[in-house]
Amino acid sequence: MTEKRDVVIIGGGFGGLTCGIALAKEGKKVTVLEKCPIPGGAFQSFRRHGQMYDTGFHYVGGIGKGEVLHPLVTYFGLEDLPWQPLDDRFLEVHTLGHTLFLNRGFQQFVDGIAAEFPSEKAALRKLVSLMKSINKRIYDSVLPNHNVFDNVLMGVSAKAYLEANFSNPVVRNLLCGQCLTTELTDKLPLYAFLQSINSFTQGSYRLKGGGETLINRLVENLQATGGELLTRKAVDQFEIGEDGRIKGVHCSDGTEYHADLFVTTIHPNLTIQYTPECKEMRNIYRRRIQRLENTVGMFTVQLELRPDTIPYLNRSISIIESDDVWNTPCGKDAPVQNMLINFNVPLTGQFATNIDLLIPMSWDAVSEWEVSSLGHRPEAYKAFKQKKAEECIAFAKRYLPDLEGNILNYWTSTPLTYRDYTGTWHGSSYGIRKSYDNLLGTVLSPASPFENLYQAGQNMMLHGMLGVAMTTMMTCNAICGKDLLSQAR
Ligand SMILES: Cc1cc2nc3c(=O)[nH]c(=O)nc-3n(C[C@H](O)[C@H](O)[C@H](O)COP(=O)(O)OP(=O)(O)OC[C@H]3O[C@@H](n4cnc5c(N)ncnc54)[C@H](O)[C@@H]3O)c2cc1C
């Protein structure tokens, strides 16, 4: 039996740590429980041959002063990290035989595309005015009692919007280039699409030191506000009291943590799995959540480069070769067709040290090996990864010929890797898939079937640094019954 806290948070990823800081700032005694030896979840970094690689932190949008994420960056104490603004031409897109760029700044964004596609200028202006309308109201959407269904852009299909407003398929693909690692399906709400492109157009940034720098700072800030993070604490059961409230959580090492309030940031299917049968969490609720679809996962090839050979590129590259970017196959035998290439900021000098290649990959591609575990994968799985990695490298070399002869090593991760490291359901990159035509079913609320258990993290509303930070504010505002960001915005 351990001492009682005010709040126990399950999961030490970006969502769990930011919830921890927000609630600790409100004077609550907070403990964050993380199953892995290091925190960060999908934002954790790892080292190979002395070099640092990132799991899911590549670039973020809108964190500079006056930009959309800045109030959150300030609130969580991240403003003075070594953010590296990307070039004004922040994204290079290759599609349908064209090489095009997206420009920083709303006017430059419109002018840059319209210079080559003048007939799309009016549609681009309309798109930008929608982005600006998001900025005006963005923090209202996380106020206590705000109704997500009031957000009309959540109920519109991004695909249908682009098809109705842009006649040129090259322009449509170019706009999708920014959202290539956001899952592009015909279910994607326009709001999710716009929130991404809006923030990156305001300003795109990498971070020197990557996800580790971000997560270390969050842990420091959590501790500075009186919170604690405990790692190697895999929660495997919620304990329910006689009053129908959550009383505590049990971890696989036999420890128990008790609190007045709990926040779960792990996948809702796991929360359900760890909750014993009880009248509070009815089977109808369990089945509803378990039936929800998840976004696909990612296959990542991380390249270690020969030193001083390939200059660092201060923009990302998005390649779309598929016939239909909204329905690109990403199963086991699907050819490589779309890719995001990301350079990581070198700690010193002008040359790149490592580059990430990312392509979408479905759970089906690896599910035949689902019973295997980390460090004990069968040879067939290793051969599959090697073949896919070689396909990705050959594809990338067509756009970055300098890669030839300059790759020293590479490492890969599949949806199985993500499942086993971060507990994401079926290795899904962004958790529960939000559907513009089923918001009621797919956008989850901070509340749970238990009065003192709240939910946060990417599965609730939106993913990525911006989406998860917004979700944190939504959940913590609901817990505290006030607008925690009112001072910062
Ligand atoms: C390949 C990839 C690339 C991405 N690129 C970007 C990008 O460039 N920019 C961007 O903004 N976003 C990016 N994202 C998205 C972003 O990483 C996620 O949206 C965000 O990190 C999710 O944070 P979270 O806290 O909700 O979930 P997670 O990071 O999954 O955190 C959940 C935590 O809970 C822990 N956990 C699980 N089960 C238990 C348990 N039983 N007990 C205790 N702890 C448990 C996990 O170990 C994990 O640390 C990317 C994601 C992926 C997968």
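**Ground rules.** I count residues from 1 along each chain, in the order its sequence is written. Because the model is predicted, I take local features only at pLDDT of at least 70 and side-chain atom pairs only at pLDDT 80 or more, while totals for chains, interfaces and linings use all residues.

**Entry 1: the domains.** I looked up how the protein chain is divided, using bounds that come from an automatic or database domain assignment. I found domain 1 (4-61 + 209-292 + 434-480), domain 2 (87-139 + 147-200) and domain 3 (297-361 + 367-413).

**Entry 2: where domain 2 touches domain 3.** I noted 25 Å between the centres of domain 2 and domain 3, taken over C-alpha atoms. I then looked at their contact (C-beta atoms, placed from the backbone, within 7 Å). Domain 2 brings 18 residues to this contact and domain 3 brings 15 residues. On the domain 2 side, β7 (89-95) and α6 (169-177) each supply at least two residues. Helices here are DSSP runs of H or I with at least four residues, strands are E runs with at least two, and both are numbered from the N terminus. With seven residues, β7 gives the most to that side. I sorted the domain 2 side by residue type and got six nonpolar, six polar and six charged. For that sorting, Ala, Val, Leu, Ile, Met, Phe, Trp, Tyr, Cys and Pro are nonpolar, Asp, Glu, Lys and Arg are charged, and the others, Gly among them, are polar.

**Entry 3: around the ligand.** Which residues come nearest to the ligand? I found G11, G13, G15, G41 and G457, out of 41 residues around the ligand (C-beta atom, placed from the backbone, within 6 Å). Elements giving two or more residues to this shell are α1 (14-25), β14 (297-305), α12 (415-422) and α14 (464-480). The shell holds 19 nonpolar, 19 polar and three charged residues. Domain 1 and domain 3 each give the shell at least three residues.

Entry 4: I240 has I246 of β12 as its bridge partner. Five residues lie between β11 and β12, and in this hairpin G244 has a positive phi near 80°. Next, β12 pairs with β13 (residues 256-264), again antiparallel, over three bridges. V249 is bridged to Y257 in β13. Four residues separate β12 and β13 in their hairpin, where G254 in the turn shows a positive phi of about 95°.

How values were computed:
Contact = placed C-beta atoms within 7 Å. Pairing = 2+ DSSP bridges.
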